[in-house]
Amino acid sequence: PEVTITPEVVAAGEEIKITAKGFKPNDDIEIYIDDNTSYIVRANSDDMGNINAVWKFEKNVTNGTHSLKLVGKSSNCEVMAYFTANVVLPEPPKGLEAKADQLEVTLSWQPSESSNVKFYRVYRSEGKGDFVILKDNVTDVTFIDLSVSSGVYYQYKVSSVDIYNNEGPQSESVKVAAFADTEKPIILSFTDSRKGDLLKLSTEIEDNIGIASIRYYYKYATQ
């Protein structure tokens, strides 16, 4: 069999026309991309063994060379053809800003100018360390980092990821250090109740950051 693919250079989401001849007449033809074990499209050869199929490039959407393999289901005849993918990576978001607060950093940025962005990926570097993924699948243009320590400098970058899970270049970095938490918790109420030898203490507390634990003190009362 012989097969022709047009166009030979394909953009993401573009249709590919697959034309082949030399297959067994009236055979089921399964078409596979790269090393995938599941076919992407199935076609039938005509009475002359010819095939005409159209497939939209929405699987394995990465730059480089890709293969299409046509396999006759009853004849087991195989033929391979190749095309080149020209995938435009999404633009990084611009205007990344970092605002420090008490034990938190708020990031904000402008939406990517690319139209096929699925989500954003936030990177962080601590001190002089490497950038690592801090948060994935961010669908908003803001993110609050609550896993910071006061007085420690952090750097942040953000990238865009498209609907095919291709990641674009990272944005320019911003550097910031969070403030220490100086606001003390406020006890709103403190009640007790007794049932036999069991003493139950109930406390309502308010804090700007949150309550990690409650510490109770006692002393022996004199009668």
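**Contacts and cores**

Reply: Start with I18. Leaving aside neighbours within four places in sequence, I18 is in contact with V3, T4, I31, I51, N52, A53, W55, L68 and L70. Keep in mind that this is a predicted model.

Me: What makes V3 a contact of I18?

Reply: The cut-off is heavy atoms within 4.5 Å. V3 is on the list of residues in contact with I18, so a heavy-atom pair of the two falls within 4.5 Å.

Me: Why is I18 called buried?

Reply: Buried means under 20% relative accessible area. I18 has 0%, so I18 is buried. The residue is found in strand β3.

Me: Which residues touch the most other members of the largest nonpolar core?

Reply: They are I16, I18, F57, L68 and L70, in a core of 26 residues. Elements giving two or more residues to this core are β1, β3, β4, β5, β6, β7 and β8. The largest share, 4 residues, comes from β8.

Me: What does I16 touch?

Reply: Beyond four places in sequence, I16 touches I5, T6, V10, A53, V54, W55, F57, L68 and F83.

Me: How do you know that there is another core?

Reply: A core is a set of buried nonpolar residues joined through side-chain atoms within 4.5 Å. A second core of 16 residues is separate, and includes A100, V105, Y154 and A178.

Me: Is L134 buried, exposed or partly exposed, and why?

Reply: Buried stops at under 20% and exposed starts at over 50%. L134 has 25% relative accessibility, so L134 counts as partly exposed. Its place is in strand β12. L134 touches V122, Y123, R124, F143, D145, S147 and Y156, not counting residues up to four places away in sequence. From L134 to V158 is 9.9 Å, C-alpha to C-alpha, with the two 24 residues apart in sequence.

**Strands and sheets**

Me: What makes β16 and β17 a pair?

Reply: Pairing takes at least two bridges. β16 and β17 are joined by 9 bridges and run antiparallel. Within that pair, I187 stands opposite I205 in β17. The two strands form a hairpin with 2 residues between them, and G196 in the turn has a positive phi of about 70°.

Me: Why is β16 said to lie largely in the open?

Reply: Of its 10 residues, the number buried is 0, so β16 lies largely in the open.

Me: Why are β2 and β5 called edge strands?

Reply: The open sheet has 5 strands in the order β2-β8-β7-β4-β5, with mixed pairing. β2 and β5 each have a single partner strand, so one side of each is left without a neighbour in the sheet. β5 pairs with β4 in the antiparallel sense over 4 bridges. There, V41 in β5 is the bridge partner of I31.

Me: What lines the largest pocket?

Reply: The pocket has a volume of about 290 Å³. It is lined by 14 residues; the closest to its centre are I187, I205, S213, I214 and R215. By class, the lining divides into 9 nonpolar, 3 polar and 2 charged residues.

Me: Which residues line the second largest pocket?

Reply: They are F190, D192, R194, L199, L201, Y216, Y217 and Y218. The space is about 240 Å³. The lining has 6 nonpolar, no polar and 2 charged residues. The largest share, 3 residues, comes from β16.

**Backbone**

Me: What makes the bond between T6 and P7 stand out?

Reply: Most peptide bonds are trans. The bond joining T6 and P7 is cis, with omega about -5°. P7 lies in the loop between β1 and β2.

Me: Why pick out the phi of L103?

Reply: Most residues other than glycine have a negative phi. L103 is not a glycine, yet its phi is positive, about 55°. L103 sits in the loop between β9 and β10. At 25% relative accessibility, L103 counts as partly exposed.

Me: Where is N165, and what is its phi?

Reply: N165 is in the loop between β14 and β15. Its phi is positive, about 70°, although N165 is not a glycine.

Technical notes:
Residues are numbered from 1 along each chain as its sequence is written. This is a predicted model: local features need pLDDT of at least 70, side-chain atom pairs count only at pLDDT 80 or more; totals for chains, interfaces and linings use all residues. Side-chain values use heavy atoms; hydrogens and water are left out. Buried means under 20% relative accessible area, exposed over 50%, partly exposed in between (1.4 Å probe, protein chains only). On a 1 Å grid over the protein atoms alone, a cavity is a set of points where a 1.4 Å probe fits but cannot get out, and a pocket is an open set with protein on both sides within 12 Å along at least five of seven lines; lining residues have an atom within 4 Å of a point. Grid points are joined across faces, edges and corners, and a volume is the space filled by probe spheres set on the points. Ala, Val, Leu, Ile, Met, Phe, Trp, Tyr, Cys and Pro count as nonpolar, Asp, Glu, Lys and Arg as charged, and the others, Gly among them, as polar.
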